[in-house]
Amino acid sequence: ELDKAIKMASSVLDIPGNIDLEAKAAMLAQRRAALLSVVGSTPASNDAFTSVLNDGFLVTTKAWLDDILNSVVGGVDLLLHLLDSVALLPVTKDMIAKSGAGKAITAIKSHS
């Protein structure tokens, strides 16, 4: 079910209703923050957690990071939450390399 929740947080176009894009972006930021909390609090021994990581969760979070940096969805609070959450994950260098997030994270560190 975590995979389904992640898909529901992928785009403002996934938010139904006749509300403006700014409101949809705010809802999407809330979904992403909640998912980051769930993933971050899931024990690494959980099979679903391992599956999500191995199936490219970092690729998804890299897209979320790009949205934040491009001022599409979220702001500084979501950025910090995302970075804190990812820092706690049992990821490998290979996972980071495949996601492309390493360069973005390094760029953020150099500006802080």
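The exercises that follow move from the whole chain to single residues.

This is a predicted model, in which local features need pLDDT of at least 70, side-chain atom pairs count only at pLDDT 80 or more, and totals for chains, interfaces and linings use all residues. Residues are numbered from 1 along each chain as its sequence is written, and side-chain values use heavy atoms, with hydrogens and water left out.

**Exercise 1. Describe the fold and the overall dimensions of the chain.**

Step 1. The chain holds seven helices and zero strands; here helices (H or I, at least four residues) and strands (E, at least two) are DSSP runs, numbered from the N terminus. In sequence order the pattern reads α-α-α-α-α-α-α.

Step 2. The radius of gyration of the chain is 14 Å, close to the 13 Å from the globule rule for 112 residues, so the chain is as compact as a globular protein of that length. This radius is taken over C-alpha atoms, and the rule is 2.2 Å times the number of residues to the power 0.38.

Step 3. Along the principal axes, the C-alpha atoms occupy a box of roughly 40 × 35 × 20 Å.

**Exercise 2. State how confident the predictor is along the chain.**

Step 1. The average pLDDT (the predictor's confidence in each residue, from 0 to 100) is 85 for the chain, and 95% of the residues score at least 70.

**Exercise 3. Characterise the surface and the contacts of the chain.**

Step 1. The accessible surface amounts to about 6,900 Å², with 58% belonging to carbon and sulfur atoms. Such areas come from the Shrake-Rupley method with a 1.4 Å probe; for residues, only the protein chains shown count as cover.

Step 2. Of the 112 residues, 34% are buried. Buried means under 20% relative accessible area, exposed over 50%, and partly exposed in between (1.4 Å probe, protein chains only).

Step 3. Among contacts (heavy atoms within 4.5 Å) with a separation of 6 or more, 60% join residues 24 or more positions apart.

**Exercise 4. Is Leu-82 buried or exposed, and which residues does Leu-82 contact?**

Step 1. Leu-82 belongs to helix α5 (residues 76-87).

Step 2. Leu-82 counts as buried because its relative accessibility is 4%.

Step 3. With neighbours within four places in sequence left aside, Leu-82 contacts Leu-36, Thr-61, Trp-64, Leu-65 and Ile-68. Leu-82 and Ile-68 are 14 residues apart in sequence, and their C-alpha atoms are 9.9 Å apart in space.

**Exercise 5. Examine two residues in a loop and one in a helix.**

Step 1. Ser-71 lies in the loop between α4 and α5. Although not a glycine, Ser-71 has a positive phi of about 55°. Ser-71 is exposed, because its relative accessible area is 65%.

Step 2. Gly-75 is also placed in the loop between α4 and α5. Its relative accessibility is 32%, so Gly-75 counts as partly exposed. The C-alpha atoms of Gly-75 and Leu-65, ten residues apart along the chain, lie 9.9 Å from each other.

Step 3. Thr-50 is part of helix α3 (residues 47-54). Thr-50 counts as partly exposed because its relative accessibility is 34%. Thr-50 and Pro-90 are 40 residues apart along the chain, with 9.1 Å between their C-alpha atoms.
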